[in-house]
Amino acid sequence: MTAVVWLKRDLRVTDHAPLYEAAQSGQQVLPLYVVEPDYWQQPDTSRRHWHFIHDSLQVLQQDLVQLGQALVVRVGEICSVLTALQAAHGVTTLYSHEETGNGWTYRRDKRVAAWCRERKVAWHEFPTNGVVRRLSSRDAWSKIHQQRIQAPIVPMPRQLIPVSGIILGKIPTKEDPIFGHANIGQVQHGGRKLGQQTLDSFLQERAARYTASLSKPEPALQYCSRLSTHITYGTLSVREIFQSSWNRLRALDAGAGADASQLRRGIRNFLSRLHWHCHFMQKLEDQPGIEYQCTHPAFEGMREAQHRPDYLQAWYEGRTGYPLVDACMRSLHKWGWLNFRMRAMVVSFASYDLWLDWRQTGPLLAQLFTDYEPGIHYSQLQMQSGVTGINAIRMYDPTKQLRDHDPEGHFVRQYIPELQDAPATWLTSLNRQPDLFAQYQPPGNYPAPIVNHGDAVKYARERITAVRRSDRFKELSKKVYQKLGSRKRPAKRRAVKARK
């Protein structure tokens with residue numbers, strides 16, 4: 001009898017409950033990764049994602065060989081793959097982590113569940129990260145999340161009983177046409193070993209500058225944790241990262257000095273944001289429709305009728321005439337990563353200044369982000385577009401952000417060579433003094449501002465205010481909050497937790 005361990009966004013052998021339980025079952029263990037061509041035709045996937053996955057599979061292959069059974073790779077539709085494996089190797093059990101992915105994976109998993117029922121195959125799914133499937137009330141989530149991340153790390157299996165006569169298959173190359181058009185720019189390298197090195201370097205050194213660099217686009221590339229892609233594809237588990245961070249804090253508590261203080265502060269701020277990772281993932285788990293529909297239904301139809309393909313193209317290419325927005329988009333094309341503040345700003349600019357619908361910008365950003373995580377992606381798109389009904393409206397002024405986070409224009413000049421010689425005063429006063437643009441004509445045909453920021457956000461605010469004043473808006477907002485809103489601890493409990 002054979003147990004299949006279906007690997008999806010969990011490309012590791014440690015803290016992997018499905019792999020461990022399959023090994024404990026006494027059956028032959030078949031670790032399986034399936035490249036599903038239809039998935040790679042979806043509008044939110046890209047070759048950039050595959051590059052990271054490819055690296056991670058190569059490392060995973062080495063780790064599985066050490067355990068006694070190499071990774072089995074198939075290309076095709078998952079149910080067809082499982083049918084063939086069952087016929088050849090007597091598959092009786094399927095093990096996997098629960099996945100909170102895009103709508104395509106949600107529908108795919110429903111097909112697999114039906115296949116298992118029909119074939120009388122037991123499918124054992126295990127929770128991943130802090131996401132709770134079939135959560136009865138949002139009030140209970142925080143406690144369950146805390147219990148999970150404090151639970152012991154699942155050990156790596158001692159060995160796997162190999163599957164006799166199995167054809168392993170090959171990992172497709174990074175250049176395989178299955179994965180769409182040619183990759184643009186650099187891609188963060190994947191694999192558990194690099195993930196562990198990245199975590200160690202952050203906790204040992206880089207976290208000391210995390211807080212000061214968090215919102216600044218240039219230093220953030222180095223001093224943010226850079227663990228997001230490793231979390232997305234599961235080369236490290238969220239639980240491992242939490243517990244490694246806690247252990248480092250305990251070690252630092254025994255030390256002293258400015259460096260230890262800055263490290264502690266940076267790690268604590270990082271842990272706060274890591275908690276929010278699972279919070280946003282839970283939103284998509286509880287309401288999968290937020291990938292396609294506004295969280296608050298009153299906002300449907302607000303932007304769709306005014307689609308501007310020219311604005312969308314200019315924003316995507318980094319030619320809006322707003323230097324920090326354009327530098328961020330060009331940087332994203334190059335590196336596949338942006339710090340959170342700049343991500344929020346480029347979405348805010350697209351949503352308010354250009355009045356673009358988040359469903360137009362979302363797939364484009366998903367393709368560019370190496371760390372694209374659907375649960376966080378669509379929740380944040382809606383928050384920064386003002387269509388949740390329960391979050392504050394944040395309309396970022398791109399010139400103010402430049403003054404605050406790149407006042408000398410180093411980041412802007414790095415990615416917009418047309419502005420190499422532009423005075424800093426020109427860059428940081430563009431909104432307040434539009435006539436300055438005429439006083440400095442940058443080479444390379446850098447465009448004038450595509451819209452007037454003040455006028456654009458005034459229009460956006462009026463439209464959103466009109467929706468928020470509509471009938472039943474508050475009533476529906478309460479329902480949204482009950483299902484998806486964060487739950488703040490009472491002041492006394494927060495104080496006790498802070499002391500601990």
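pLDDT is the predictor's confidence in each residue, from 0 to 100. The legends below refer to a predicted model.

**View 1. Confidence along the chain, with residues 490-496 in close-up.** The mean pLDDT of the chain is 92, and 94% of its residues reach 70 or more. Over residues 490-496, pLDDT stays under 50. For this stretch the model has two contacts beyond four places in sequence. Where pLDDT is low, the predicted coordinates should not be read in detail.

**View 2. The open sheet of five strands.** The strand order is S3-S2-S1-S4-S5, and the pairing is parallel. The edges are formed by strand S3 (72-75) and S5, each of which pairs on one side only. On average, neighbouring strands of this sheet are turned by 30 degrees against each other, direction ignored.

**View 3. Pairing of strand S4 (residues 91-97) with S5.** Five bridges join S4 and S5 in the parallel sense. Serine 96 stands opposite glutamate 125, a residue of S5.

**View 4. Helices H3 and H4 lying across strands of the sheet.** Helix H3 (residues 78-89) lies across strand S1 (2-7), strand S2 (28-35), S3 and S4. Helix H3 runs at about 155 degrees to S2. Helix H4 (residues 103-119) lies across S1, S4 and S5, and runs at about 140 degrees to S5.

**View 5. Arginine 134 in the loop between strand S5 (122-126) and helix H5 (141-150).** Arginine 134 is not a glycine, yet has a positive phi of about 55 degrees. Most residues other than glycine have a negative phi. With a relative accessible area of 71%, arginine 134 is exposed, because the cut-off for exposed is over 50%.

**View 6. Tryptophan 355 in the loop between helix H14 (340-353) and helix H15 (358-368).** Tryptophan 355 also is not a glycine and has a positive phi of about 55 degrees. The relative accessible area of tryptophan 355 is 5%, so this residue is buried; buried means under 20%.

**View 7. Glycine 336 in the loop between helix H13 (323-335) and H14.** Glycine 336 counts as buried because its relative accessibility is 2%. Leaving out residues up to four places away in sequence, glycine 336 touches Arg48, Gln186, Ser331, Leu368, Phe369 and Thr370. Leucine 365 is 29 residues from glycine 336 in sequence, and their C-alpha atoms are 9.3 Å apart in space.

Conventions. Residues are numbered from 1 along each chain as its sequence is written. This is a predicted model: local features need pLDDT of at least 70, side-chain atom pairs count only at pLDDT 80 or more; totals for chains, interfaces and linings use all residues. Side-chain values use heavy atoms; hydrogens and water are left out. Helices (H or I, at least four residues) and strands (E, at least two) are DSSP runs, numbered from the N terminus. Buried means under 20% relative accessible area, exposed over 50%, partly exposed in between (1.4 Å probe, protein chains only). Contact means heavy atoms within 4.5 Å. Two strands pair if DSSP finds at least two bridges between them. Axes are lines fitted to C-alpha atoms, for helices over the stretch in contact, and angles run from 0 to 180 degrees between N-to-C directions.
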